[in-house]
Amino acid sequence: MTAPPAPRATMKDVAALAGVSPKTVSNVVTGTVVVRAETRARVEAAMAELDFVPNLSARGLRNGRSGIIAVALPDLGTAYSAQLVHRIVAAAHDRGLAVQVEETATEPEREKELLSRARAHLIDGLILNPIRLEDSVVKYADRLPPLVVIGEVEQNRADHVRIDSRVAASEATCHVISRGARRIAVIGADDDPAFETATSRMRLAGVHDALREAGIARDRRLEVNLLPWTMAGGAEAARMLLAREVDFDAVVAFTDSIAFGAMHTLHDAGIRVPDDVIVTGFDDVELSAFTSPSLTTVAFDLGDFAEAALGLLESRMDDRVSPPRGLILPHRLIARASTSASPAGYHP
């Protein structure tokens, strides 16, 4: 005969073992009150020893919240997405929040499903990175739950965290121009609306700003885009560029992943970086410092980005009526070996 299961540990059991009050245990579980690190550590050790599982459903009945938020990004397979999610999950944990991670790809239906979950109080709020406003539920939904939009989609319906991608792309382009480049290829944007995203539009505008300032004419043959923005996509886009048989001496790639793929294709074609062609990326993912040559890139603090998004989301969960707020976080260009030479150029 099977022995009956051991009774489930309660907050009182945890409190007794940790030598604190049940209220202190509740504060540790919910994250609603700051608890001293030493006390928190004792409570967490007691919870682990007793295999204590918080009753989040009961908590939700009391305060109307689940303690869960969702984060939805277009492509979870990129290095940038992995690092951003890592930062958001860590910052959410510090606030006593669990995180549900979703991939939206280019499917608006996935965004609608997430909004439905928020309205049903299955999640307390949503951090969303739409690809294009015209395809996003942010534009069309009648009533939005607590929501923070991250990325380049420009809108005035929800709180928003971003960097100034147009200025950043302009600075990257000005940098390669300062190294002597004049035939500047762009991988991440072109005139094809099928591949256009809010990010590609904004960063291409920044490139054009820099070209105009330098008196360099735009050459559409040097602009290539291919979705998804992955290393494989960057490699294929670079092959498309080479097939056009046009001169170029720099590549401004709109993500580091694109740049990695492009550098691979250039190497296979016998084109030297940075001696023949210089290359820049965007996002400063961890690998960018360890490629050979290391990658010049646009950087911003992902920890600050995650904290800003979560701060706005928590404020919106408490205050549903205030006007939407927007935060633009600082960025910087990190010059590395991939732009360390005055390029001789590629001449097919």
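In which helix is Ser-165 found? Helix α8, covering residues 165-178, is the place to look. The model is a predicted one, in which local features need pLDDT of at least 70, side-chain atom pairs count only at pLDDT 80 or more, and totals for chains, interfaces and linings use all residues. Residues are numbered from 1 along each chain as its sequence is written, and side-chain values use heavy atoms, with hydrogens and water left out.

First, the overall picture. The protein chain holds twelve helices and twelve strands; helices (H or I, at least four residues) and strands (E, at least two) are DSSP runs, numbered from the N terminus. Of its 348 residues, 50% are buried, where buried means under 20% relative accessible area, exposed over 50%, and partly exposed in between (1.4 Å probe, protein chains only). Among contacts with a separation of 6 or more, 71% link residues 24 or more positions apart; a contact means heavy atoms within 4.5 Å.

Back to α8. Ser-165 counts as buried because its relative accessibility is 0%. Setting aside neighbours within four places in sequence, Ser-165 is in contact with Glu-152, Met-202, Arg-203 and Phe-282. Other buried residues of α8 include Ala-168, Thr-173, His-175 and Ile-177. At 1.5 Å a residue, the 14 residues of α8 should span 20 Å, and the end C-alpha atoms are 20 Å apart, so the two values agree. That expected span is 1.5 Å times one less than the number of residues in the helix. After α8 comes Gly-180, with a positive phi near 105 degrees.

Next, a strand. Ile-69 sits in β1, residues 68-73, and counts as buried because its relative accessibility is 0%. Ile-69 and Gly-125 are 56 residues apart in sequence, yet their C-alpha atoms are 5.0 Å apart in space. Gly-125 is also one of the residues that Ile-69 touches, and so are Ala-92, Val-99, Ile-123 and Leu-310, not counting residues up to four places away in sequence.

Then there is the largest pocket, with a volume of about 680 Å³. Of the 30 residues that line this pocket, Pro-74, Asn-129, Thr-199, Trp-229 and Thr-255 are the closest to its centre. On a 1 Å grid over the protein atoms alone, a pocket is an open set of points where a 1.4 Å probe fits, with protein on both sides within 12 Å along at least five of seven lines; lining residues have an atom within 4 Å of a point. Grid points are joined across faces, edges and corners, and the volume is the space filled by probe spheres set on the points. At least two lining residues come from each of α5 (79-94), β5 (159-163), α9 (198-214) and α11 (256-268).

Helix α11 also contains Ser-257, which is buried because its relative accessible area is 9%. Leaving out residues up to four places away in sequence, Ser-257 touches Thr-78, Ala-79, Trp-229, Thr-230 and Met-231.

The peptide bond from Leu-227 to Pro-228 is cis, with omega near 0 degrees, and Pro-228 lies in the loop between β7 (223-224) and α10 (231-243). Another cis peptide bond runs from Val-273 to Pro-274, with omega near 10 degrees. Glu-245, not a glycine, has a positive phi near 55 degrees; Glu-245 is exposed, with a relative accessible area of 62%. Asp-283 is not a glycine but has a positive phi of about 120 degrees, and Asp-283 is buried, with a relative accessible area of 7%.
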